[in-house]
Amino acid sequence: MSSEMSTPTRHAHARRFLWISLAGFGFVLLGIALLALTNRAVIWSSSDRFCGTTCHSMTWANTAYQQSPHYRNSVGVRASCGECHIPYDAEHATAIEYVKLLLFKGERGAKDFWFEANRAMATEEEWEKRRPALSHSFENYLTRHNYITCRGCHSLESFGGPRSPMKLVIHGGMVKANNYNCLACHTNIGHTYSAPSPKVSGWYTAEQAASGEKLFEHSCSSCHGRKLEGAAGPALSGVTWQQRFGGAKLLTVWGEIKGPMAAYAGTSFTTQESLDILAFLLQQNGLPAGKQPLADTRELSDTLPEK
Ligand code: HEC
Ligand code: HEC
Ligand code: HEC
Ligand code: HEC
């Protein structure tokens, strides 16, 4: 019986089928349009223009970013806000990553909106008050995610080369241990709040240099000479030092000591020991001692005087 439907009923069925298909098709189209819009919004809201200028509260972070080596550098490649701050790439994300990206942006957006709406950072003073906490929170975020955004651009495995084995030694250890903390050594890397200026006084303490001298005599003088005049290894004072390290960051010299030179000497140094040796080298090159010890790797962004 049921198979023998009357003609009008069959027509009604066909019409209904047509409507449902049309509606379904419409929904699919709408879905595609929404997705495309979402994607544009995601990409647009990750752009430098959006991140740096839409919110008044980002004014200072943006200015400091423009003074960093990631804004302007010798290779002419610029890292955008999103490339460091957002761990997923909207244009090459898997479906799951995309959902995570949307959640990430939703959470961030809500927070940023809250700050902006409450005018919590309307003046530079208020911004300065909140900056340490914001910095800290993003540093923690990067550490928890093993500096994935940094490593996306910098392949640590390919560092170094005959002219700077130091870079390979220093970074290779992190790769092996799969444990990264870029900001421990590289400060001011995304945002440079004040141009690093050469210090005038107080690079290290006299005690530090004295303890560095002992270490140097024991581990380094055989190759570099007791008075740093050079032997199998280059001189570490005078013109040679100046040409090699004038204008360089302390980080560069420290990297040599902690990395390949410790290996040359067949030993390893704690951070403190390697800083003491660095203090001794600074002393021998005429930089004055002061009250503050060169204690923290964060000071290693300071640059040595050109002359
Ligand atoms: C090269 C990577 C990099 C780029 C590009 C970058 N940042 Fe950052 N940002 C960082 C790091 C790292 C920190 C953590 C604090 C620090 O070490 O300076 C940070 C911190 C911040 C903070 C917290 C406050 C502070 O200044 O410490 C804000 C806000 C911020 N960034 C916004 C932005 C905006 C907006 C842009 C683009 C205009 C941007 N960032 C571009 C790496 C970057
Ligand atoms: C979009 C790619 C990109 C991202 C993301 C990125 N960098 Fe860079 N980074 C660069 C480029 C390009 C340079 C300039 C290279 C040069 O000058 O030889 C650079 C330079 C550097 C330098 C040398 C700076 C100097 O003073 O000469 C360090 C250190 C560095 N980046 C660390 C980081 C850290 C840490 C992060 C994560 C917070 C990061 N980078 C994220 C592309 C990137
Ligand atoms: C233990 C300290 C230390 C840590 C941690 C560290 N670096 Fe470095 N990095 C150095 C030293 C030292 C240099 C050489 C600096 C120089 O010559 O000015 C350097 C140089 C670099 C350069 C410039 C390379 C070039 O060829 O000019 C980049 C880029 C860089 N590091 C990225 C990173 C990234 C990304 C991380 C985190 C995954 C990281 N570093 C963690 C000590 C460190
Ligand atoms: C086995 C000999 C030897 C020992 C031990 C040694 N060095 Fe070196 N050092 C060299 C040589 C050779 C170079 C030249 C660069 C290279 O071959 O890597 C050098 C380069 C350096 C540089 C870079 C200078 C430049 O012009 O490139 C510094 C800084 C340095 N050594 C410090 C030390 C310190 C500090 C110690 C003790 C912890 C030490 N070295 C132990 C042989 C040695």
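Four helices, α7, α8 (165–177), α9 (182–185) and α13 (250–264), each supply at least two residues of the shell around ligand 3. The model is a predicted one.

**Ligand 3**

- The shell around ligand 3 counts 19 residues, and those that come nearest are C150, C182, C185, T252 and G255.
- Helix α8 gives the most to this shell, with four residues.
- Sorted by class, the shell around ligand 3 holds 10 nonpolar, six polar and three charged residues.

**Ligand 2**

- Ligand 2 is surrounded by 19 residues, of which V77, A79, C150, C153 and C182 are the closest.
- Which element gives the most to the shell around ligand 2? That element is α7, with four residues.
- The classes in the shell around ligand 2 are 10 nonpolar, eight polar and one charged.
- C150 and C182 are listed among the closest residues of ligand 2, and C150 and C182 are also listed among the nearest residues of ligand 3.

**Helix α14**

- Helix α14 runs over residues 271–284 and has 14 residues.
- From its first C-alpha to its last, α14 reaches 20 Å, close to the 20 Å expected at 1.5 Å a residue.
- Which residues of α14 are buried? They are S274, L275, D276, I277, L278, A279, F280, L281 and L282.
- The cover over the buried residues of α14 includes α10 (206–219) and α13. Helix α13 also supplies at least two residues of the shell around ligand 3.
- After α14 comes G286, which has a positive phi, near 85 degrees.

**Helix α5**

- Helix α5 runs over residues 95–117 and has 23 residues.
- Its reach from first C-alpha to last is 32 Å, close to the 33 Å expected at 1.5 Å a residue.
- Does α5 lie largely buried or largely in the open? It lies largely in the open, because the number buried among its 23 residues is one.
- R119 follows α5, and the phi of R119 is positive, near 45 degrees.

Key. Residues numbered from 1 in each chain as written. Chains lettered and ligands numbered in written order. Predicted model: local features only at pLDDT ≥ 70, side-chain atom pairs only at ≥ 80, totals over all residues. Near = placed C-beta within 6 Å. Nonpolar A, V, L, I, M, F, W, Y, C, P; charged D, E, K, R; others polar. Expected span 1.5 Å × (residues − 1). Buried ≥ 20, exposed ≤ 12 C-beta atoms within 10 Å, placed from the backbone. Contact = placed C-beta atoms within 7 Å.
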